[in-house]
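Student: Can we go through this one together? Start with the terms, then the helices.

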Protein chains: 2
Amino acid sequence: MTTLEHLIVALSLAKKAKRKDIKGNPFVGAIVVDENGAIIGSGYHQKWGEKHAEVFAIEEALLKTADLSNCSLYVTLEPCSHHGKTPPCTDLILKSGIKKVIVGSLDPNPNVSGFTLLQQNVIDVSLLETPEAISLNKIFFTNQKSNKPFVRLKMAATLDGKIADYAGASKWITNEISRAYLHAHIRTEVDAIISTAKTVIQDQATLNIRIPNTQSTELNAVIIDRTGAMLEPAKASHPIFDNRTETKVFIVTAPGAYVAGKPLPAHTEVIETPFNANGEIDLDTLGKQLLQKGLYSVLVEAGAIFSSYVLSKKWVNELDYFIGSKLLLDSNAKAGFDIATSTPLQNAAPLTLLESMSFENDMYLHYAIEVL
Amino acid sequence: MTTLEHLIVALSLAKKAKRKDIKGNPFVGAIVVDENGAIIGSGYHQKWGEKHAEVFAIEEALLKTADLSNCSLYVTLEPCSHHGKTPPCTDLILKSGIKKVIVGSLDPNPNVSGFTLLQQNVIDVSLLETPEAISLNKIFFTNQKSNKPFVRLKMAATLDGKIADYAGASKWITNEISRAYLHAHIRTEVDAIISTAKTVIQDQATLNIRIPNTQSTELNAVIIDRTGAMLEPAKASHPIFDNRTETKVFIVTAPGAYVAGKPLPAHTEVIETPFNANGEIDLDTLGKQLLQKGLYSVLVEAGAIFSSYVLSKKWVNELDYFIGSKLLLDSNAKAGFDIATSTPLQNAAPLTLLESMSFENDMYLHYAIEVL
């Protein structure tokens with residue numbers, strides 16, 4: 001097997017982990033290969049705070065032979081070099097006697113410098129980055145690099161880009177298959193949905209996961225609510241607070257909008273975040289706060305103004321864009337994006353088409369967007 | 001072979017014709033099948049004004065046997081029953097002795113009542129309509145039913161539906177592959193492009209067919225130009241008039257805008273069409289005039305106002321919509337559709353997705369639209 005093929009084996013191991021088990025940790029797989037090309041140890045990171053992939057692989061190899069000096073270690077992510085929840089993997093690698101390490105992607109965390117540390121210790125370390133290794137940990141890399149969740153933004157619009165008619169009606173722009181796809185394949189992939197109090201109140205939104213013929217599944221909700229409208233007594237019966245046992249409704253208000261000690265609906269938590277004079281939330285602060293709450297990956301499903309705001313601030317990593325098979329042909333209808341930026345065409349945000357699917361007459365377009 | 005299989009054979013014959021040979025005539029194929037299921041005659045309509053498919057098939061069959069009374073005729077379109085450019089096919093069918101006819105689609109021309117006429121003459125006639133037979137002659141059927149060309153409308157917009165930035169820049173919204181596809185697979189399919197004087201002047205448009213590494217091909221142009229701006233002496237050097245030998249530039253003006261006898265650029269013809277008090281062209285009249293000029297299938301490539309107008313009048317049959325992989329995120333940018341209709345969502349024009357293709361990061365969506 002070639003170096004690339006060995007890394008692909010390690011990648012396939014990495015993918016065996018489940019996001020809910022590893023939480024904000026990366027997917028990592030590792031194998032130890034002996035001088036004859038036999039895989040004598042393998043493993044993957046399985047659970048947040050527990051053993052790293054390299055440890056599984058090296059421990060298994062050491063059961064077979066005490067001398068790993070002719071073995072190579074293939075690991076899909078740069079080994080850690082610091083004391084975190086577990087001791088540094090570089091220590092174990094050095095102790096094991098392995099002299100050759102092939103790394104599939106670098107860790108953007110500045111505390112992780114395993115690559116350099118191994119080099120300094122006369123290990124033959126090489127990097128073979130593959131798009132798959134990068135894509136596998138897109139959430140982790142964004143969390144590390146940008147100190148914010150990986151952000152997807154969903155929009156469902158007519159072909160002419162309208163998310164509601166002139167009177168505000170938006171049910172339904174897209175067909176049942178599109179909506180089922182959103183619930184089954186997009187909402188299920190994130191730790192929380194972010195919306196605004198305005199949208200949640202207007203749509204009586206539950207922001208849960210509803211798949212036809214199955215019970216609905218709860219999902220964390222983050223509601224941008226500067227003045228704390230959702231905390232008023234009249235809103236206590238809003239359906240978003242219903243049927244929660246494992247998830248929370250995070251109400252994001254300006255500091256002081258919520259008076260500490262006032263009763264809150266069950267499973268509700270207030271996050272205080274600065275807003276500027278235009279009523280715009282400080283996304284840098286919010287990003288950090290959401291990571292602290294364990295929300296590593298979020299989906300924005302909001303109106304035109306908030307959606308445009310987060311896009312204009314380059315806070316969004318991917319766009320989940322549904323085109324309903326309708327043409328409203330009405331400049332009075334509500335456009336999906338609403339912000340005046342006077343952007344020249346050559347400065348338009350370039351999109352990378354990740355996938356496209358047709359659902360009967362609807363289209364689903366999944367894009368990556370250039371971020372900061 | 002089943003009845004359907006026989007019709008599929010006839011359809012595959014029909015498709016052998018070339019649009020430029022049959023012009024506004026339909027694609028038609030026919031076979032004569034004897035009592036043993038053998039195909040003893042076949043043919044298709046090959047050239048405008050010449051022999052119909054049934055004639056080829058029956059004449060060939062008659063060379064093999066003088067008695068066709070045990071034979072069946074499969075023809076993809078209802079046989080003609082009137083004296084047009086050729087004698088009625090129903091006469092030949094009756095004379096041939098054929099007793100069974102299977103028709104693949106009905107002719108919407110009220111002068112064509114071959115189906116009923118054959119029934120009245122004790123022929124066993126049946127209709128087996130297939131979507132393929134309907135689609136094959138979508139241009140002909142639209143010409144017959146609506147007395148207008150088959151109209152496609154092309155738009156190239158950013159994901160947020162903008163066809164130019166706030167300053168009017170539109171080069172380029174889509175990538176080279178999208179533009180090559182437009183030229184090689186859409187412009188080549190129509191008899192003319194329709195645009196407006198404003199767009200043609202602004203873009204210095206030639207409206208020809210340009211395919212990388214091949215010489216450009218001329219194409220008829222129809223320019224909606226109420227006041228005759230394109231006929232002013234200063235416009236005589238506009239590139240749209242260049243390099244024409246077989247095609248024309250049709251300048252559509254309000255009656256009287258062009259003074260008969262004034263010199264015209266070469267290969268130019270004026271069409272006088274009524275416009276209403278809002279400066280909107282009478283599409284019913286225009287449709288008839290374009291058919292008279294032999295323009296059976298046209299492609300609208302114009303700005304937001306004319307595009308919205310023809311769509312709002314349900315004059316468009318299909319939409320060729322390109323999404324460039326850009327997000328302008330600017331309400332000051334130029335939207336692709338610009339008309340205020342206050343249409344409720346439930347009255348939005350439903351679209352049928354015919355095909356979708358990705359060209360690197362661009363998308364091409366081909367829709368059929370509900371028409372009058």
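Tutor: Two residues are in contact if their C-beta atoms, placed from the backbone, lie within 7 Å. Helices (H or I, at least four residues) and strands (E, at least two) are DSSP runs, numbered from the N terminus. This is a predicted model, where local features need pLDDT of at least 70, side-chain atom pairs count only at pLDDT 80 or more, and totals for chains, interfaces and linings use all residues. Residues are numbered from 1 along each chain as its sequence is written, while chains are lettered from A and ligands numbered from 1 in the order in which they are written.

Student: Which residues of α3(A) meet α4(A)?

Tutor: On the α3(A) side they are A:E54, A:V55, A:I58 and A:L62, and they meet A:C89, A:L92, A:I93 and A:S96 of α4(A). By class, that contact has 6 nonpolar, 1 polar and 1 charged residues (Ala, Val, Leu, Ile, Met, Phe, Trp, Tyr, Cys and Pro count as nonpolar, Asp, Glu, Lys and Arg as charged, the others, Gly among them, as polar).

Student: At what angle do α3(A) and α4(A) pack?

Tutor: About 20 degrees, with the axes of α3(A) (residues 53-64) and α4(A) (residues 89-96) 10 Å apart. Axes are lines fitted to C-alpha atoms, for helices over the stretch in contact, and angles run from 0 to 180 degrees between N-to-C directions.

Student: New topic. How many residues does each chain give to the contact between A and B?

Tutor: Chain B gives 41 residues and chain A gives 41 residues. On the chain B side, β16(B) supplies the largest share, 7 residues.

Student: Where is B:E360, and is it buried or exposed?

Tutor: B:E360 is in the loop between β16 and β17 of chain B. Its phi is near 50 degrees, a positive value in a residue other than glycine. B:E360 is exposed because 12 other C-beta atoms lie within 10 Å (20 or more would be buried, 12 or fewer is exposed, in between is partly exposed, with C-beta atoms placed from the backbone).

Student: Which peptide bond is cis in chain A?

Tutor: The one from A:K171 to A:W172, with omega near -5 degrees. A:W172 sits in the loop between β7 (162-164) and α8 (176-186) of chain A.
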